[in-house]
Amino acid sequence: AEGDLDVEIKEASEDEIGELANVFEVMRSSFRDLVKRQADSIEALSTPLIPLHNDVVVMPVVGSLDLERVQKIRETLVEGLHETGAKFAIIDLTAVRDLDANAASGIIRSAQAARLLGARVILTGLQTRLVSTLVDRDLDFEGLESERSLESGIERAMTLLRLENS
């Protein structure tokens, strides 16, 4: 009744109450599974890795970031780069409203993880308050590139890709 879907409904009797309890248990279990599938879908949508080209992927980040979400961003980015072999990863922070110190460190560590896989990372859409948070953390930005907008980040990646391939 309080919304805890992990509490099992146990009734040993074989009368109408027992039957009703069994039906409620099946319904609770089905509902819990549905909620889990929806949560998994929402999580996947919150950290998409979009291939733009064989060698360029983009991860648009939207909303606020906590440590759990930053971890999911890193996992998705690293797994996606490993699978695709992309040479460029663009992490777009245009729609990130706020970035606390731990999330800022996590984003930079995600970019560094991508670099370990051989991808060049371009951060795009950095707002002034995000830049301040990143700089205040005294993080290592070596090898990271940034562009004002997602559009200019994509343009830069494609230009660098053409130069590499020529």
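Figure 1. The model is predicted: local features need pLDDT of at least 70 and side-chain atom pairs count only at pLDDT 80 or more, whereas totals for chains, interfaces and linings use all residues. Residues are numbered from 1 along each chain as its sequence is written, and side-chain values use heavy atoms, with hydrogens and water left out. S146 belongs to strand β5 (residues 144-147); strands (E, at least two residues) and helices (H or I, at least four residues) are DSSP runs numbered from the N terminus. Not counting residues up to four places away in sequence, S146 touches I122, L123, L126 and R156, where contact means heavy atoms within 4.5 Å. The C-alpha atoms of S146 and I90 are separated by 9.0 Å, and these two residues are 56 apart along the chain.

**Figure 2. The salt-bridge network of R120, E145, E147 and R156.** A salt bridge is a side-chain nitrogen of Lys or Arg within 4 Å of a carboxyl oxygen of Asp or Glu. By this rule, the model has five salt bridges. R120, E145, E147 and R156 are linked in a network of such bridges. Within it, the closest N and O atoms of E147 and R156 are 2.9 Å apart. With a relative accessible area of 23%, E147 is partly exposed; R156, at 29%, is also partly exposed.

**Figure 3. Salt bridges E164 to K87 and D33 to R32.** E164 and K87 form a salt bridge in which the closest N and O atoms are 3.9 Å apart. E164 lies in helix α5 (residues 150-165) and K87 in the loop between α2 and β3 (88-95), so the pair ties together parts that are 77 residues apart in sequence. Relative accessibility is 40% for E164, which therefore counts as partly exposed, and K87 counts as partly exposed at 31%. The side chains of D33 and R32 meet in another salt bridge, at 4.0 Å from N to O. D33 is partly exposed at 35% relative accessibility, and R32 is partly exposed at 30%.

**Figure 4. The five-stranded open sheet.** Strands of a sheet pair through backbone hydrogen bonds, either parallel or antiparallel. Two strands are taken as paired if DSSP finds at least two bridges between them. The strand order is β1-β2-β3-β4-β5, with mixed pairing. Strands β1 and β5 are the edge strands, each pairing on one side only. From one strand to the next, the twist averages 25 degrees; angles run from 0 to 180 degrees between N-to-C directions, and axes are lines fitted to C-alpha atoms, for helices over the stretch in contact. Helix α2 packs on the sheet and touches β2 and β3, its direction making about 170 degrees with that of β2. Helix α5 lies across β1, β2, β3, β4 (120-124) and β5, and runs at about 170 degrees to β3.

**Figure 5. The hairpin of strands β1 and β2.** Strand β1 (residues 50-53) and strand β2 (residues 56-62) pair in the antiparallel sense over three bridges. The hairpin joins β1 to β2 through two residues. H53 has V56 of β2 as its bridge partner, and P51 stands opposite V57 in β2.

**Figure 6. Packing of helix α2 against helix α3.** Two packed helices are described by the angle between their axes and the distance between the axes. Helix α2 (residues 67-84) packs with helix α3 (residues 101-116) at an angle of about 10 degrees, and their axes are 9 Å apart. That angle makes α2 roughly parallel to α3; roughly parallel applies to angles under 35 degrees, roughly antiparallel to those over 145, roughly perpendicular to 65 to 115, and oblique to the rest. From α2, the contact involves L67, V70, I73, R74, L77, V78 and L81, and from α3, N102, A103, G106, I107, R109, S110, A113 and A114. By class, the contact has 10 nonpolar, three polar and two charged residues; Ala, Val, Leu, Ile, Met, Phe, Trp, Tyr, Cys and Pro count as nonpolar, Asp, Glu, Lys and Arg as charged, and the others, Gly among them, as polar.

Figure 7. S105 counts as buried because its relative accessibility is 5%. Leaving aside neighbours within four places in sequence, S105 is in contact with R137 and L139.

Methods:
Buried means under 20% relative accessible area, exposed over 50%, partly exposed in between (1.4 Å probe, protein chains only).
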